Amino acid sequence: MNLNLTDLLLLAALAIGAALFWRSQRIRETALRATRRHCEREEVVLLDQTVGLKRFRLARDDQGRWGLWRIYAFEFTVTGGERYQGETRLRGERVHSVVLPPHRF
């Protein structure tokens with residue numbers, strides 16, 4: 001079996017792509033766990049039991065350090081009849097905040 005440079009580059013690209021995919025899935029699971037805990041504390045119901053990537057960008061934090069920020073959107077309800085959209089913000093793999101907009105009690 002002879003591997004040329006193109007084959008090696010293709011294998012390396014596939015390996016890097018797979019690693020990035022698994023890392024992003026792990027970060028999404030972190031966001032989902034934090035969102036579930038926050039919704040339980042605030043006594044609201046997380047709808048669909050999922051979060052979806054809304055935004056991914058390079059930005060500074062409060063101390064001026066650069067980092068990759070991910071913002072995940074989710075929906076929740078209080079009364080069962082109205083849906084509200086919240087956000088979970090992560091910098092790298094750490095949860096920065098979970099934001100719930102004003103809603104009825």
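A residue counts as partly exposed when its relative accessible area falls between the 20% under which a residue is buried and the 50% over which it is exposed. With a relative accessible area of 43%, K54 is therefore partly exposed. The structure described here is a predicted model.

## Overall form

The chain contains one helix and five strands. Read from the N terminus, the order of these elements is α-β-β-β-β-β. The chain is more spread out than a compact globule, because its radius of gyration is 18 Å, well over the 13 Å that the globule rule gives for 105 residues. Along the principal axes, the C-alpha atoms fill a box of roughly 65 × 35 × 15 Å.

Of the 105 residues in the chain, 30% are buried. The accessible surface of the chain is about 7500 Å², and carbon and sulfur atoms account for 56% of it. Among contacts in the chain with a separation of 6 or more, 39% are between residues 24 or more positions apart.

## K54 in strand β2

Strand β2 covers residues 52-60, and K54 is one of its residues. Which residues does K54 touch, leaving aside those up to four places away in sequence? The contacts of K54 are with I71, Y72, A73 and E87. For I71, the distance between its C-alpha atom and that of K54 is 5.5 Å, although 17 residues separate the two along the chain.

Two of these partners can be followed further. Strand β3 is made up of residues 66-77, and I71 is a contact of K54. Strand β4 is made up of residues 84-91, and E87 is also touched by K54. E87 itself is buried, because its relative accessibility of 14% is under the 20% cut-off.

## Charges and salt bridges

The chain carries 18 positive and 12 negative side chains. The centres of these two sets lie 5 Å apart. How many salt bridges does the structure hold? There are nine salt bridges in the structure.

| Salt bridge | N to O distance |
|---|---|
| R28 and E29 | 3.0 Å |
| R65 and D61 | 3.1 Å |
| E87 and R89 | 2.8 Å |

The surroundings of these side chains can be described pair by pair. In the pair formed by R28 and E29, R28 is partly exposed at 21% relative accessibility, and E29 is partly exposed at 32%.

## Loops

Phi of D48 is near 65°, a positive value in a residue other than glycine. D48 is exposed, because its relative accessible area of 57% is over the 50% cut-off.

Q49 is found in the loop between β1 and β2 as well. This residue is not a glycine, yet Q49 has a positive phi of about 50°. At 43% relative accessibility, Q49 is partly exposed.

Where does G80 lie? G80 is in the loop between β3 and β4. At 61% relative accessibility, G80 counts as exposed. V44 is 36 residues from G80 along the chain, and the C-alpha atoms of the two are separated by 9.5 Å.

Conventions:
Residues numbered from 1 in each chain as written. Predicted model: local features only at pLDDT ≥ 70, side-chain atom pairs only at ≥ 80, totals over all residues. Heavy atoms only, no water. Helix = DSSP H or I, 4+ residues; strand = E, 2+ residues; numbered from the N terminus. Rg over C-alpha atoms; globule rule 2.2 N^0.38 Å. Buried < 20%, exposed > 50% of the residue type's maximum accessible area, 1.4 Å probe, protein only. Contact = heavy atoms within 4.5 Å. Areas by Shrake-Rupley, 256 points an atom, 1.4 Å probe, with all protein chains shown as cover. Lys, Arg positive; Asp, Glu negative; His and termini not counted. Charge placed at Lys NZ, Arg CZ, Asp CG, Glu CD. Salt bridge = Lys/Arg side-chain N within 4 Å of Asp/Glu carboxyl O.
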